[in-house]
Amino acid sequence: MNILHVLFKTSIGKKVAMAVTGFILFGFVIGHLSGNLQIFAHPDKINGYAHLLESLGPALWVIRLFLIVTVVVHIWVAVQLTFENRAARPDGYQKQITLRATLASRYMRWSGFVVLAFIVYHVLHFTVRVTHGPGAYPMTVLADGTVVRDVHSMMVLGFQNPLLATCYLISVGLLSWHLRHGLVSMFQSIGLRTRPWSRFLERVSVIFCVLYFLGNALIVVAAMTGQIRIQNPLVAGYACRDACDVCGAINTEAIVENVDVAKDNQS
Ligand code: HEM
(Lines give C-alpha, C1' and ligand atoms only; values in the text may rest on other atoms or scores of the structure.)
Protein backbone atom coordinates (compact mmCIF):
# COMPACT_ATOMS: atom_id res chain seq x y z
CA MET A 1 0.00 0.00 0.00
CA ASN A 2 1.21 3.49 -0.86
CA ILE A 3 2.91 5.18 2.17
CA LEU A 4 1.16 8.50 1.43
CA HIS A 5 -2.18 6.73 1.43
CA VAL A 6 -1.42 5.18 4.84
CA LEU A 7 -0.20 8.53 6.23
CA PHE A 8 -3.08 10.69 5.07
CA LYS A 9 -6.03 8.35 4.74
CA THR A 10 -5.88 6.12 7.81
CA SER A 11 -6.47 7.39 11.32
CA ILE A 12 -3.21 5.98 12.70
CA GLY A 13 -1.32 7.34 9.67
CA LYS A 14 -2.70 10.82 10.35
CA LYS A 15 -1.62 10.63 13.98
CA VAL A 16 1.87 9.58 12.93
CA ALA A 17 1.93 12.46 10.40
CA MET A 18 0.94 14.86 13.22
CA ALA A 19 3.68 13.41 15.44
CA VAL A 20 6.39 13.61 12.77
CA THR A 21 5.51 17.16 11.64
CA GLY A 22 5.12 18.21 15.28
CA PHE A 23 8.57 16.79 16.04
CA ILE A 24 10.15 18.74 13.16
CA LEU A 25 8.46 22.00 14.27
CA PHE A 26 9.49 21.27 17.82
CA GLY A 27 13.12 20.98 16.64
CA PHE A 28 12.74 24.31 14.85
CA VAL A 29 11.44 26.22 17.88
CA ILE A 30 14.21 24.82 20.11
CA GLY A 31 16.87 25.69 17.54
CA HIS A 32 15.33 29.14 17.09
CA LEU A 33 15.32 29.82 20.82
CA SER A 34 18.97 28.71 21.13
CA GLY A 35 19.90 31.12 18.33
CA ASN A 36 17.90 33.96 19.90
CA LEU A 37 19.49 33.49 23.33
CA GLN A 38 22.73 34.75 21.78
CA ILE A 39 21.22 38.19 22.31
CA PHE A 40 22.70 37.99 25.81
CA ALA A 41 26.22 37.79 24.35
CA HIS A 42 28.05 40.53 22.46
CA PRO A 43 25.82 41.96 19.66
CA ASP A 44 28.29 40.67 17.03
CA LYS A 45 27.34 37.16 18.04
CA ILE A 46 23.65 37.28 17.07
CA ASN A 47 24.25 39.67 14.18
CA GLY A 48 26.95 37.36 12.79
CA TYR A 49 24.66 34.36 13.27
CA ALA A 50 21.77 36.06 11.40
CA HIS A 51 24.20 37.05 8.66
CA LEU A 52 25.47 33.48 8.39
CA LEU A 53 21.90 32.18 8.00
CA GLU A 54 21.15 34.79 5.38
CA SER A 55 24.32 33.93 3.46
CA LEU A 56 23.04 30.36 3.05
CA GLY A 57 21.07 31.84 0.11
CA PRO A 58 19.15 29.15 -1.82
CA ALA A 59 19.77 26.58 0.96
CA LEU A 60 17.91 28.88 3.37
CA TRP A 61 14.96 28.90 0.98
CA VAL A 62 14.99 25.11 0.82
CA ILE A 63 14.82 25.03 4.65
CA ARG A 64 12.05 27.66 4.66
CA LEU A 65 10.02 25.74 2.07
CA PHE A 66 10.46 22.52 4.04
CA LEU A 67 9.20 24.28 7.19
CA ILE A 68 6.23 25.80 5.35
CA VAL A 69 5.23 22.38 3.95
CA THR A 70 5.62 20.89 7.45
CA VAL A 71 3.34 23.57 8.96
CA VAL A 72 0.75 23.11 6.20
CA VAL A 73 0.69 19.31 6.63
CA HIS A 74 0.49 19.68 10.44
CA ILE A 75 -2.52 22.00 10.18
CA TRP A 76 -4.21 20.08 7.38
CA VAL A 77 -4.02 16.74 9.21
CA ALA A 78 -5.13 18.45 12.47
CA VAL A 79 -8.25 19.77 10.70
CA GLN A 80 -9.00 16.31 9.26
CA LEU A 81 -8.61 14.64 12.65
CA THR A 82 -10.89 17.27 14.21
CA PHE A 83 -13.66 16.50 11.71
CA GLU A 84 -13.19 12.76 12.22
CA ASN A 85 -13.40 13.16 16.01
CA ARG A 86 -16.55 15.27 15.68
CA ALA A 87 -18.19 12.70 13.46
CA ALA A 88 -17.33 9.95 15.94
CA ARG A 89 -18.41 11.94 19.03
CA PRO A 90 -20.70 9.78 21.19
CA ASP A 91 -24.05 10.89 22.54
CA GLY A 92 -25.48 10.79 26.08
CA TYR A 93 -23.52 9.81 29.13
CA GLN A 94 -20.49 8.72 27.14
CA LYS A 95 -19.97 12.41 26.40
CA GLN A 96 -18.73 12.84 29.95
CA ILE A 97 -15.98 10.30 29.40
CA THR A 98 -14.61 12.16 26.42
CA LEU A 99 -15.10 15.64 27.90
CA ARG A 100 -11.53 16.05 29.08
CA ALA A 101 -10.06 14.89 25.80
CA THR A 102 -12.45 17.16 23.89
CA LEU A 103 -11.51 20.19 26.00
CA ALA A 104 -7.78 19.51 25.54
CA SER A 105 -8.15 19.23 21.77
CA ARG A 106 -10.32 22.37 21.72
CA TYR A 107 -7.55 24.31 23.51
CA MET A 108 -5.01 22.76 21.15
CA ARG A 109 -7.02 24.15 18.22
CA TRP A 110 -7.35 27.63 19.71
CA SER A 111 -3.73 27.85 20.81
CA GLY A 112 -2.76 26.57 17.35
CA PHE A 113 -4.78 29.36 15.67
CA VAL A 114 -3.21 32.06 17.86
CA VAL A 115 0.30 30.67 17.31
CA LEU A 116 -0.29 30.63 13.54
CA ALA A 117 -1.45 34.27 13.61
CA PHE A 118 1.60 35.10 15.75
CA ILE A 119 3.97 33.41 13.28
CA VAL A 120 2.48 35.37 10.36
CA TYR A 121 2.89 38.66 12.26
CA HIS A 122 6.32 37.69 13.57
CA VAL A 123 7.69 36.86 10.11
CA LEU A 124 6.32 40.17 8.77
CA HIS A 125 7.92 41.92 11.76
CA PHE A 126 11.41 40.37 11.84
CA THR A 127 11.97 38.63 8.50
CA VAL A 128 10.02 40.61 5.88
CA ARG A 129 10.49 43.70 8.12
CA VAL A 130 7.40 45.65 7.13
CA THR A 131 5.38 46.08 10.33
CA HIS A 132 7.44 48.97 11.72
CA GLY A 133 8.99 52.06 10.16
CA PRO A 134 12.41 51.85 8.46
CA GLY A 135 14.08 53.09 11.68
CA ALA A 136 13.24 49.77 13.33
CA TYR A 137 15.48 47.83 10.97
CA PRO A 138 19.02 49.21 11.30
CA MET A 139 22.28 47.99 9.82
CA THR A 140 25.60 47.66 11.61
CA VAL A 141 29.19 46.58 11.02
CA LEU A 142 30.85 43.49 12.46
CA ALA A 143 34.34 43.70 13.94
CA ASP A 144 35.74 42.33 10.65
CA GLY A 145 34.09 45.20 8.72
CA THR A 146 31.20 43.21 7.22
CA VAL A 147 28.07 45.33 6.97
CA VAL A 148 25.15 43.30 8.31
CA ARG A 149 21.58 43.74 9.48
CA ASP A 150 21.52 44.76 13.13
CA VAL A 151 19.23 41.98 14.37
CA HIS A 152 20.31 42.74 17.95
CA SER A 153 19.02 46.34 17.83
CA MET A 154 15.97 45.25 15.81
CA MET A 155 14.91 42.89 18.60
CA VAL A 156 15.58 45.42 21.34
CA LEU A 157 13.67 48.16 19.48
CA GLY A 158 10.75 45.76 18.87
CA PHE A 159 10.35 44.73 22.48
CA GLN A 160 10.72 48.26 23.85
CA ASN A 161 7.05 48.58 22.90
CA PRO A 162 5.25 47.12 25.98
CA LEU A 163 2.07 46.23 24.04
CA LEU A 164 4.00 44.29 21.42
CA ALA A 165 6.17 42.67 24.09
CA THR A 166 3.02 41.56 25.96
CA CYS A 167 1.54 40.09 22.76
CA TYR A 168 4.79 38.15 22.24
CA LEU A 169 4.68 36.87 25.82
CA ILE A 170 1.07 35.70 25.46
CA SER A 171 1.76 34.02 22.11
CA VAL A 172 4.87 32.27 23.37
CA GLY A 173 2.92 31.22 26.49
CA LEU A 174 0.21 29.66 24.32
CA LEU A 175 2.82 28.01 22.15
CA SER A 176 4.48 26.52 25.25
CA TRP A 177 1.11 25.15 26.34
CA HIS A 178 0.50 23.79 22.82
CA LEU A 179 3.94 22.13 22.85
CA ARG A 180 3.31 20.57 26.24
CA HIS A 181 0.15 18.80 25.03
CA GLY A 182 1.66 18.13 21.63
CA LEU A 183 4.62 16.34 23.23
CA VAL A 184 2.41 14.00 25.22
CA SER A 185 0.16 13.29 22.17
CA MET A 186 3.26 12.69 20.08
CA PHE A 187 4.48 9.96 22.44
CA GLN A 188 0.97 8.50 22.53
CA SER A 189 0.78 8.38 18.72
CA ILE A 190 4.03 6.48 18.40
CA GLY A 191 3.02 4.11 21.19
CA LEU A 192 5.48 5.32 23.84
CA ARG A 193 2.93 6.64 26.32
CA THR A 194 2.68 3.34 28.13
CA ARG A 195 1.74 3.05 31.81
CA PRO A 196 5.22 3.14 33.41
CA TRP A 197 6.23 6.07 31.23
CA SER A 198 3.05 8.10 31.32
CA ARG A 199 3.67 10.13 34.49
CA PHE A 200 7.36 10.62 33.67
CA LEU A 201 6.46 11.94 30.20
CA GLU A 202 3.87 14.32 31.65
CA ARG A 203 6.44 15.75 34.06
CA VAL A 204 9.20 16.03 31.50
CA SER A 205 6.85 17.78 29.06
CA VAL A 206 5.74 20.29 31.74
CA ILE A 207 9.32 21.05 32.84
CA PHE A 208 10.46 21.33 29.28
CA CYS A 209 7.70 23.70 28.20
CA VAL A 210 8.08 25.91 31.29
CA LEU A 211 11.80 26.22 30.45
CA TYR A 212 10.94 26.96 26.85
CA PHE A 213 8.56 29.73 27.90
CA LEU A 214 11.07 31.19 30.36
CA GLY A 215 13.83 31.22 27.72
CA ASN A 216 11.68 33.26 25.35
CA ALA A 217 10.23 35.46 28.09
CA LEU A 218 13.74 36.27 29.30
CA ILE A 219 14.61 37.80 25.94
CA VAL A 220 11.40 39.84 25.70
CA VAL A 221 11.46 41.07 29.31
CA ALA A 222 15.20 41.85 29.24
CA ALA A 223 14.73 44.01 26.13
CA MET A 224 11.53 45.63 27.40
CA THR A 225 13.06 46.58 30.73
CA GLY A 226 16.33 47.86 29.26
CA GLN A 227 18.51 44.99 30.54
CA ILE A 228 19.65 44.51 26.96
CA ARG A 229 20.33 47.79 25.22
CA ILE A 230 21.06 48.90 21.72
CA GLN A 231 24.78 48.69 21.13
CA ASN A 232 26.78 51.87 21.04
CA PRO A 233 28.53 51.54 17.69
CA LEU A 234 31.52 53.77 18.48
CA VAL A 235 32.13 52.40 21.94
CA ALA A 236 31.96 48.90 20.44
CA GLY A 237 34.66 49.98 17.99
CA TYR A 238 32.44 50.54 14.94
CA ALA A 239 31.78 53.67 12.94
CA CYS A 240 28.18 52.82 12.21
CA ARG A 241 27.15 56.09 10.63
CA ASP A 242 30.06 56.05 8.17
CA ALA A 243 29.36 52.46 7.26
CA CYS A 244 25.70 53.24 6.78
CA ASP A 245 26.61 56.14 4.50
CA VAL A 246 28.70 53.72 2.50
CA CYS A 247 26.14 50.95 2.19
CA GLY A 248 23.16 53.30 2.01
CA ALA A 249 21.37 51.45 4.78
CA ILE A 250 18.89 53.06 7.10
CA ASN A 251 20.05 54.00 10.57
CA THR A 252 17.94 54.34 13.69
CA GLU A 253 17.62 57.58 15.57
CA ALA A 254 18.76 55.73 18.66
CA ILE A 255 22.00 54.70 17.02
CA VAL A 256 22.60 58.15 15.58
CA GLU A 257 22.09 59.53 19.08
CA ASN A 258 24.53 56.99 20.48
CA VAL A 259 27.11 57.95 17.87
CA ASP A 260 26.72 61.63 18.78
CA VAL A 261 27.01 60.92 22.50
CA ALA A 262 30.09 58.77 21.96
CA LYS A 263 31.67 61.44 19.74
CA ASP A 264 31.04 64.08 22.43
CA ASN A 265 32.61 61.78 25.01
CA GLN A 266 35.67 61.28 22.85
CA SER A 267 36.30 64.98 22.11
C1 HEM B 1 10.63 35.97 22.00
C2 HEM B 1 10.63 35.10 21.09
C3 HEM B 1 11.23 35.25 19.71
C4 HEM B 1 12.19 36.09 19.25
C5 HEM B 1 12.98 37.13 20.03
C6 HEM B 1 12.36 35.81 17.85
C7 HEM B 1 13.24 36.46 17.00
C8 HEM B 1 13.30 36.29 15.64
C9 HEM B 1 14.15 37.03 14.76
C10 HEM B 1 15.11 38.13 15.19
C11 HEM B 1 13.93 36.59 13.50
C12 HEM B 1 14.60 37.10 12.22
C13 HEM B 1 15.90 36.40 12.04
C14 HEM B 1 16.65 36.99 10.87
O15 HEM B 1 16.12 37.76 10.12
O16 HEM B 1 17.81 36.63 10.72
C17 HEM B 1 12.94 35.54 13.57
C18 HEM B 1 12.47 34.83 12.50
C19 HEM B 1 11.53 33.83 12.60
N20 HEM B 1 10.94 33.37 13.75
FE21 HEM B 1 11.22 34.06 15.60
N22 HEM B 1 11.52 34.79 17.50
C23 HEM B 1 10.80 34.43 18.61
C24 HEM B 1 9.85 33.44 18.70
C25 HEM B 1 9.44 32.67 17.64
C26 HEM B 1 8.49 31.60 17.74
C27 HEM B 1 7.84 31.17 19.04
C28 HEM B 1 8.34 31.08 16.48
C29 HEM B 1 7.52 29.95 16.00
C30 HEM B 1 6.53 29.42 16.59
C31 HEM B 1 9.19 31.83 15.60
C32 HEM B 1 9.28 31.63 14.26
C33 HEM B 1 10.08 32.36 13.41
C34 HEM B 1 10.13 32.14 11.97
C35 HEM B 1 9.33 31.09 11.19
C36 HEM B 1 11.05 33.05 11.46
C37 HEM B 1 11.46 33.24 10.01
C38 HEM B 1 12.74 32.48 9.76
C39 HEM B 1 13.19 32.71 8.33
O40 HEM B 1 12.60 32.11 7.44
O41 HEM B 1 14.11 33.45 8.11
N42 HEM B 1 9.84 32.79 16.35
N43 HEM B 1 12.58 35.38 14.88
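Predicted model: local features only at pLDDT ≥ 70, side-chain atom pairs only at ≥ 80, totals over all residues.
Let's start with the ligand. There are 20 residues around the ligand, and those that come nearest are Ala-50, Arg-64, Phe-126, Thr-127 and Asn-216. Which elements give two or more residues to this shell? They are α2 (11–36), α3 (43–54), α5 (94–127), α6 (151–159), α7 (162–189) and α8 (195–224). The largest share, six residues, comes from α5. If you sort the shell by class, you get 14 nonpolar residues, five polar ones and one charged one.

Now let's turn to two of those helices, α6 and α8. Their axes come within 8 Å and cross at roughly 75 degrees. Angles of 65 to 115 degrees count as roughly perpendicular, so α6 is roughly perpendicular to α8. Which residues make the contact? On the α6 side you'll find Met-155, Val-156 and Phe-159, and on the α8 side Val-220, Ala-223 and Met-224. By class, this contact has six nonpolar residues, with no polar and no charged ones.

My last stop is Glu-54, which sits in helix α3. Is Glu-54 buried or exposed? It has 12 C-beta neighbours inside 10 Å, and a residue with 12 or fewer is exposed, so Glu-54 counts as exposed. Have a look at Val-148 as well: along the chain Glu-54 and Val-148 are 94 residues apart, while their C-alpha atoms are separated by 9.8 Å.

Notes: Residues numbered from 1 in each chain as written. Near = placed C-beta within 6 Å. Helix = DSSP H or I, 4+ residues; strand = E, 2+ residues; numbered from the N terminus. Nonpolar A, V, L, I, M, F, W, Y, C, P; charged D, E, K, R; others polar. Buried ≥ 20, exposed ≤ 12 C-beta atoms within 10 Å, placed from the backbone. Axes fitted to C-alpha atoms, helices over the stretch in contact; angles between N-to-C directions. Parallel < 35°, antiparallel > 145°, perpendicular 65-115°, else oblique. Contact = placed C-beta atoms within 7 Å.
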